[in-house]
Amino acid sequence: MKGKRGQGRVSGLLAGLCCVSAAAAVQAGLVFSCGEANDLYRTVKAAGLAAARCGTPSEAVEQARKGDGVLILADGYPKQTTALTADLYAAAARKGVRVYVEYPSMLPEMEVLPPKEMRYERAVTASGFFGERLPALRILAINGLRLLPVKAEKPHLVAARVAGFDTAVYGLPEETFPLLFEHPRGGLLVATTQLSRFITGRYAPQDAWQAVWRAVLGWLQPGAGAVALRWEPAVRPAYGRDAELPPDAERQAVRLGAEWFFKAKLFPDTARPGYEWELPASEIEQMKRSAKIATGLFGVQEGLLSQILPDGSQPQLGSRRGDCTAESAMALAFGGRLLGDARQTAVAANLLDFYLLRSHAAKRERGDPAHGAYGLIAWGIDSKGLYVANYGDDNARLMLGSLATAALTGEDRWDETVMRCLLGNLRTSGRFGFRGGRIDIPALSKQGWEPFFRRDITNYTGHYESYLWACYLWAYHKTGFELFYERAETAIRMMMAQYTDGWRWTNGLAQEKARMLLPLAWLVRVKDTPEHRAWLRKAVDGVVALQAPCGAIREEIGLPGKGAYPPPRSNGDYGKHEAPLIQANGEPVADMLYTANFAFIGLHEAAAAGDGTAKRAADKMAEFFCRIQARSDVHPSVDGGWFRAFDFGRWETWASNADAGWGAWTIESGWTQGWIVSVLAMRQMNGSLWDLTSDSKIARHFGKLRATMIPDAALSSR
């Protein structure tokens with residue numbers, strides 16, 4: 001509002017002469033045509049460079065003197081191109097001024113096609129124009145990229161679909177789109193998009209964009225390029241790498257992290273139908289009448305997409321999944337307990353009530369004792385693909401989140417559903433304790449559960465298997481049912497014998513190492529033997545070896561041929577599949593979706609089991625999470641969240657954004673936010689997940705359910 005009032009005063013006082021600071025323009029040699037709020041203009045002014053600003057391109061060219069640099073910026077982007085004429089270009093050429101223009105409606109002697117929206121393309125340097133700090137083939141992000149297709153010789157910056165973390169490792173593909181080039185007539189530097197939206201659009205990484213503007217300003221005026229431009233990003237880490245943390249930093253991170261669920265607006269406020277299912281109107285009305293608070297009555301969405309729009313906002317991941325629901329409930333229940341927030345506690349209970357008791361996730365086939373899927377809980381409810389899937393790992397984290405929420409709220413109405421889920425997964429795990437990634441409804445409808453119970457299957461991947469083993473060990477401790485222990489311990493023994501060259505890895509090897517910590521910590525709780533302690537020590541050491549001094553867990557790719565989702569193998573492979581955040585080992589990236597989040601709970605539980613090395617590593621991780629938590633005054637939907645990626649070399653969110661579904665800027669409600677908030681809260685409460693859930697009365701449902709789901713005849717023949 002201040003900027004608009006200022007523009008009005010200028011317009012009125014100067015009677016249509018919209019150029020301001022004309023005297024400064026003579027000194028600095030830079031004349032802008034843009035609004036006062038333009039990112040580049042504000043940044044140049046903040047750097048101490050005197051610069052004129054005019055309201056129209058023609059006024060900017062008119063005010064410029066010979067030798068000046070004129071910047072005609074695209075304030076109408078992405079909807080409107082910058083209206084320019086041949087006469088304006090000719091006038092600039094006659095005056096001998098250099099012009100930088102963005103998103104132009106026309107160019108002299110060149111065909112400019114209508115705007116084109118990019119999907120997979122990133123910006124790539126294609127020349128030495130930017131100097132040694134930004135050599136050719138360096139990658140930059142222009143979020144929400146729209147460009148004007150033109151044919152240009154020797155562009156300095158192009159849009160291209162390329163693989164790589166910082167560098168286009170396979171070079172440039174055949175198809176590229178010029179983003180920045182010098183017009184052959186001379187004295188004209190053209191950007192086919194709005195480069196000057198770098199703060200609003202959250203372009204990254206920051207050091208690369210500093211080099212871009214150093215080169216552009218230096219091209220316009222040599223002295224201007226020597227001035228270092230600095231700016232505060234629209235979204236930033238909460239604290240610098242070396243900043244002193246306040247004494248209550250972890251508690252405040254919990255508060256911000258729990259509030260994020262509300263700021264991100266992830267709770268549907270209406271009863272949205274699911275796949276072939278919807279709540280009856282009478283039940284909806286009854287729910288609203290009886291609820292302490294309406295938030296969460298209809299579930300929680302998965303999070304935010306790794307897609308940044310031109311205005312810097314991010315769309316939502318709209319699916320409602322069981323794992324994310326329970327993990328979100330857990331985080332909110334911890335927030336409610338630690339912070340004394342009754343609203344968060346009530347929302348946590350609403351979420352579990354919706355997914356476990358009201359939705360069809362645990363009903364139909366999964367609620368039929370005669371069906372092979374009995375006891376399992378749907379991966380999600382909003383599409384057929386989600387509904388038919390039964391991932392063991394997702395069920396495991398749903399159970400862990402539900403158990404924690406039950407303990408924190410003092411409620412037991414979800415216990416029977418969780419016990420059914422424990423037995424449903426156990427009876428579809430094979431003789432060696434491995435279950436495989438997923439067993440869907442059609443297979444269980446056709447075969448029943450017993451063929452899966454008797455399989456001699458192995459699946460050496462902690463990502464898909466290990467948290468079920470943790471659940472089985474917990475269930476053994478509560479029920480004394482030997483099969484829970486037998487199958488979990490057998491699988492863990494076989495897994496550790498293959499550590500780690502025999503493992504399959506999913507998006508990376510680091511996450512597989514991190515996932516083994518929790519079951520090993522709980523194995524020690526169940527039976528504390530020297531062998532089990534040695535396994536835990538080996539797993540802790542393997543994760544700690546990846547820990548950077550700042551506390552981050554560095555991503556690591558495993559052996560070739562062992563990965564389900566390796567880095568892109570070509571430029572064309574970029575964006576087609578799930579993928580790691582790195583292209584090669586050694587790149588300084590932490591993954592808060594697949595690795596660091598699970599390393600945090602694993603190290604925390606290992607520390608609670610008496611492992612001192614794990615305690616020190618968890619302390620460092622807690623500090624790291626407090627520092628990198630996202631803060632933004634502009635985008636409340638990300639404020640308090642943790643993005644999937646963090647480049648702990650640059651100290652900002654940056655990585656290869658190759659993952660087709662959950663890229664670098666994703667914030668996942670359950671996997672990421674759920675576990676980080678919960679572990680930080682447990683640290684404040686001086687407790688562990690094992691101890692928190694120790695008083696569960698879930699075993700009262702075991703006897704009858706076990707006899708129905710895994711009868712004695714099946715046990716005798718196993």
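Residues are numbered from 1 along each chain as its sequence is written. Because the model is predicted, local features need pLDDT of at least 70 and side-chain atom pairs count only at pLDDT 80 or more, while totals for chains, interfaces and linings use all residues, and side-chain values use heavy atoms, with hydrogens and water left out.

**Exercise 1. Work out how helix 13 and helix 17 cross, and which residues make their contact.**

Step 1: Find the helices. Helix 13 covers residues 415-426 and helix 17 covers residues 482-497. Helices here are DSSP runs (H or I, at least four residues), numbered from the N terminus.

Step 2: Look at the axes. They come within 11 Å and cross at roughly 50°. Axes are lines fitted to C-alpha atoms over the stretch in contact, with angles from 0 to 180 degrees between N-to-C directions.

Step 3: Name the angle. That makes helix 13 oblique to helix 17, since angles under 35 degrees count as roughly parallel, over 145 as roughly antiparallel, 65 to 115 as roughly perpendicular and the rest as oblique.

Step 4: List the contact (heavy atoms within 4.5 Å). Helix 13 brings Leu 422, Leu 423 and Leu 426, and helix 17 brings Leu 483, Phe 484 and Arg 487.

Step 5: Sort those residues. You get five nonpolar, no polar and one charged. Ala, Val, Leu, Ile, Met, Phe, Trp, Tyr, Cys and Pro count as nonpolar, Asp, Glu, Lys and Arg as charged, and the others, Gly among them, as polar.

**Exercise 2. Describe the largest pocket and its lining.**

Step 1: Know the term. On a 1 Å grid over the protein atoms alone, a pocket is an open set of points with protein on both sides within 12 Å along at least five of seven lines, a cavity is a set where a 1.4 Å probe fits but cannot get out, and lining residues have an atom within 4 Å of a point.

Step 2: Get the volume. The largest pocket holds about 720 Å³, volume being the space filled by probe spheres set on the points, which are joined across faces, edges and corners.

Step 3: Check the lining. Of its 30 residues, Arg 119, Tyr 120, Ser 306, Gln 307 and Asn 657 are the closest to the centre. The lining splits into 16 nonpolar, eight polar and six charged.

**Exercise 3. Describe the largest cavity.**

Step 1: Its volume is about 40 Å³.

Step 2: Its lining includes Pro 566, Pro 567, Pro 568 and His 577.

Step 3: Sorted, the lining gives five nonpolar, two polar and three charged.

Definitions and conventions:
Helix = DSSP H or I, 4+ residues; strand = E, 2+ residues; numbered from the N terminus.
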